[in-house]
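These are my notebook entries on one structure, written down in the order in which I looked things up.

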Amino acid sequence: MKKLKRIKVNKYVPKPTEETETKEIIITDSDKILYIFKRDKAGKYTEVVNVSFIARINEEWIPVVRYDSTHGYLHRHKRILIKNELETTDTNGVKKKGGHHTWLTWALNDLRKNFGEYRRLIFKRSKMIDNYY
Amino acid sequence: MTKSTQAQKNIDLSQELAEYIADNPKSVENLPENSSFIIFSSEDESLNIENEGLIKSIIAEGKKVIKAIQTKDKENPWKFSQVAY
């Protein structure tokens, strides 16, 4: 009986329609800003994945405050204590109108204005002294 | 310069840098992923001296460091160079 020839079929792999970009900016030896966003092929923002203020505490980088727009609107996550990863989530005073570009700019601006206060408060809640400043 | 002053100056510049990168993604497309930007001001030499001191500790963490150098050119306000190590 004649053997059937196996035909090689290339599997369809869809081309990615979005690109994720991660950027990290060092502020001091114990502070940095991280932001991750998605952009479609036309260059338009499709999601603010993460805009974070990260502090080095006890030799560990800890996200103190982060913003994301996972559910279609911008919201804030605040770490409660240094010693565990529990967070609160809220939208108090957070930009609601606009799209992802506006949200990215707004979140970065909020961290610029308030990172010192966010830092002070997590140390206060954790009943620790900030020896890094 | 106090650390608070360094932080405030850098965070002010970081917003300008972040928005520039977001609006001009091609400007950084050849830079390695997962690298860290350290900012150098076009005007503030004392800040630059402080920031130069950050490079070593970031490299020690195994990260690649990119110098984001502010220029006075409005068309191209930032230029980037990877730190060799």
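I began with chain B, which follows the pattern α-β-α-β-β when read along the sequence; it holds two helices and three strands. Helices (H or I, at least four residues) and strands (E, at least two) are DSSP runs, numbered from the N terminus. I noted that this is a predicted model, in which local features need pLDDT of at least 70 and side-chain atom pairs count only at pLDDT 80 or more, while totals for chains, interfaces and linings use all residues. Residues are numbered from 1 along each chain as its sequence is written, and chains are lettered from A and ligands numbered from 1 in the order in which they are written.

**Overall form of chain B.** I compared the radius of gyration (taken over C-alpha atoms; the globule rule is 2.2 Å times the number of residues to the power 0.38). A compact globule of 85 residues would come near 12 Å, and chain B, with 13 Å, agrees with that. Along the principal axes, its C-alpha atoms fill a box of roughly 35 × 30 × 15 Å.

**The sheet.** I then traced an open sheet of nine strands with mixed pairing, in the order S6(A)-S5(A)-S4(A)-S3(A)-S2(A)-S1(A)-S1(B)-S2(B)-S3(B). Two strands pair if DSSP finds at least two bridges between them. The edge strands are S6 (87–90) of chain A and S3 (78–82) of chain B, each of which pairs on one side only.

Which strands join the two chains within this sheet? I found that S1 (residues 18–28) of chain A runs parallel to S1(B) and is joined to it by three bridges, and that Glu24(A) has Ser36(B) as its bridge partner in S1(B).

**Helix H2(B).** H2(B) packs on the sheet, touching S1 of chain A as well as S1 and S2 of chain B, and its direction makes about 165° with that of S1(B). For this angle, axes are lines fitted to C-alpha atoms, for helices over the stretch in contact, and angles run from 0 to 180 degrees between N-to-C directions.

Which residues of H2(B) are buried? They are Asn51(B), Leu54(B) and Ile58(B), where buried means that 20 or more other C-beta atoms lie within 10 Å of the residue's own, exposed means 12 or fewer, and partly exposed lies in between, with C-beta atoms placed from the backbone. These three lie on the same side of H2(B), because they cover an arc of only 45° around the axis, the arc being that of the directions from the helix axis to the C-beta atoms. On the face turned away from the buried side I found exposed residues, among them Glu45(B), Glu52(B) and Lys56(B).

**The contact between the chains.** The contact takes 24 residues from chain B and 22 residues from chain A, and two residues are in contact if their C-beta atoms, placed from the backbone, lie within 7 Å. On the side of chain B that touches chain A, the largest share, 14 residues, comes from H1(B). I divided the residues of that side into twelve nonpolar, eight polar and four charged, counting Ala, Val, Leu, Ile, Met, Phe, Trp, Tyr, Cys and Pro as nonpolar, Asp, Glu, Lys and Arg as charged, and the others, Gly among them, as polar.
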